[in-house]
Amino acid sequence: METATAAQRRTPRPRADALRNRERIVAAAREMFVEFGPDVPLDEVARRAGVGNATVYRHFSDRSELVHQVVLLVTDRVSAHAEEAIAAADADASVAFDALRRFVHASADERIGALCPMLQAAFDPDHPDLVDARERLEAVVDGLMQRARTAGQLRTDIAVGDLMVALSQLTRPLPGTACLNMDRFVHRHLQLFLDGLMAPARSELPGASATLEDLRQS
């Protein structure tokens, strides 16, 4: 009888060039979803990735599968940045808000605006691995915000949803090709936004704070 190990040895592994092509496709899609939204033509994604259309479809059977992978990639990387920030805040509570600030800027560099498809009705946010990724993201960002709040450095009337919506809005280019070169202002405007999060709050915010689940249901 053939052992499982022997069967596994015969299972072909993806070639290194195939893995590189897949990574290039996902990276290109992430950038283009931020710039143009998730309905950007896949042949444009292929062109930016430097691969043929057939290569895109060899890796991703349809658009939803590619969107799925982009959201997973961005969610996991942003969560990792939040975990690093939590470690810094736990090591020294006095730098909790600085850790939050670094997390926000790192998330912008990860093109967190690509997470917007999670909020679209046509997107399946209930896929098991997406649910796990979303719950991990919300938990670690909430934990980071709680540390800054406990340190008396973060205003008390905002929640994870407020932060993530602002991040998405401030890291997506404005409509129109004339506005595609606005990235140089992103970190400047994020810094202004972050200053408004610091305690003590200088004004009362209208409405109620929001979680990611609130945003998805709305």
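Student: Let's start with the overall make-up. How many helices and strands does the protein chain have?
Tutor: Happy to begin there, and remember that this is a predicted model. From the N terminus on, the elements run α-α-α-α-α-α-α-α-α-α. The count for the protein chain is ten helices and zero strands.

Student: What share of contacts between residues at least 6 apart in sequence join residues at least 24 apart?
Tutor: The protein chain has 218 residues, and buried ones make up 42% of them. Among its contacts between residues at least 6 apart in sequence, the share joining residues at least 24 apart is 75%.

Student: Which element gives the largest share of the largest nonpolar core?
Tutor: That core has 55 residues, and those with the most contacts inside it are Val 45, Leu 66, Phe 103 and Val 141. Elements that give two or more residues to this core include α2 (16-36), α5 (63-91) and α7 (128-150). The largest share is eleven residues, and the element they come from is α5.

Student: Which residues does Phe 103 touch, not counting residues up to four places away in sequence?
Tutor: Phe 103 is one of the residues with the most contacts inside the largest nonpolar core. It also takes part in the contact between α6 and α7, on the α6 side. Beyond four places in sequence, Phe 103 touches Val 78, His 81, Ala 82, Ala 85, Val 141, Leu 144 and Leu 163.

Student: How far apart are the axes of α6 and α7?
Tutor: The contact is made by Ala 96, Phe 97, Ala 99, Leu 100 and Phe 103 of α6 and Val 141, Leu 144, Met 145, Arg 147 and Ala 148 of α7. The crossing of the two helices is left-handed. They pack at an angle of about 145°, and their axes are apart by 8 Å.

Student: What is the distance between the end C-alpha atoms of α7?
Tutor: α7 has 23 residues, so at 1.5 Å a residue it should span 33 Å. The distance in the model agrees with that, at 32 Å.

Student: Is Arg 111 buried or exposed?
Tutor: Arg 111 is found in the loop between α6 and α7. It has a positive phi of about 65° although it is not a glycine. The cut-off for buried is under 20% relative accessible area. Arg 111 has 10% relative accessibility, so it counts as buried.

Student: Where is Gln 153 found, and what is its relative accessible area?
Tutor: Gln 153 is in the loop between α7 and α8. Leaving aside neighbours within four places in sequence, its contacts include Ala 93, Phe 97, Ala 148, Leu 197 and Ala 199. Gln 153 is buried because its relative accessible area, which must be under 20% for that, is 18%.

Student: Which residues does the cis peptide bond join?
Tutor: One of the two residues lies in the loop between α9 and α10, namely Pro 200. Omega is about 0° for this bond, and the residues joined are Ala 199 and Pro 200.

Notes:
Residues are numbered from 1 along each chain as its sequence is written. This is a predicted model: local features need pLDDT of at least 70, side-chain atom pairs count only at pLDDT 80 or more; totals for chains, interfaces and linings use all residues. Side-chain values use heavy atoms; hydrogens and water are left out. A nonpolar core is a set of buried Ala, Val, Leu, Ile, Met, Phe, Trp, Tyr and Cys residues joined through side-chain atoms within 4.5 Å. Buried means under 20% relative accessible area, exposed over 50%, partly exposed in between (1.4 Å probe, protein chains only). Helices (H or I, at least four residues) and strands (E, at least two) are DSSP runs, numbered from the N terminus. Contact means heavy atoms within 4.5 Å. The expected span of a helix is 1.5 Å times one less than its number of residues. Axes are lines fitted to C-alpha atoms, for helices over the stretch in contact, and angles run from 0 to 180 degrees between N-to-C directions. A crossing is left-handed if the near helix is turned anticlockwise from the far one by less than a right angle, and right-handed if clockwise.
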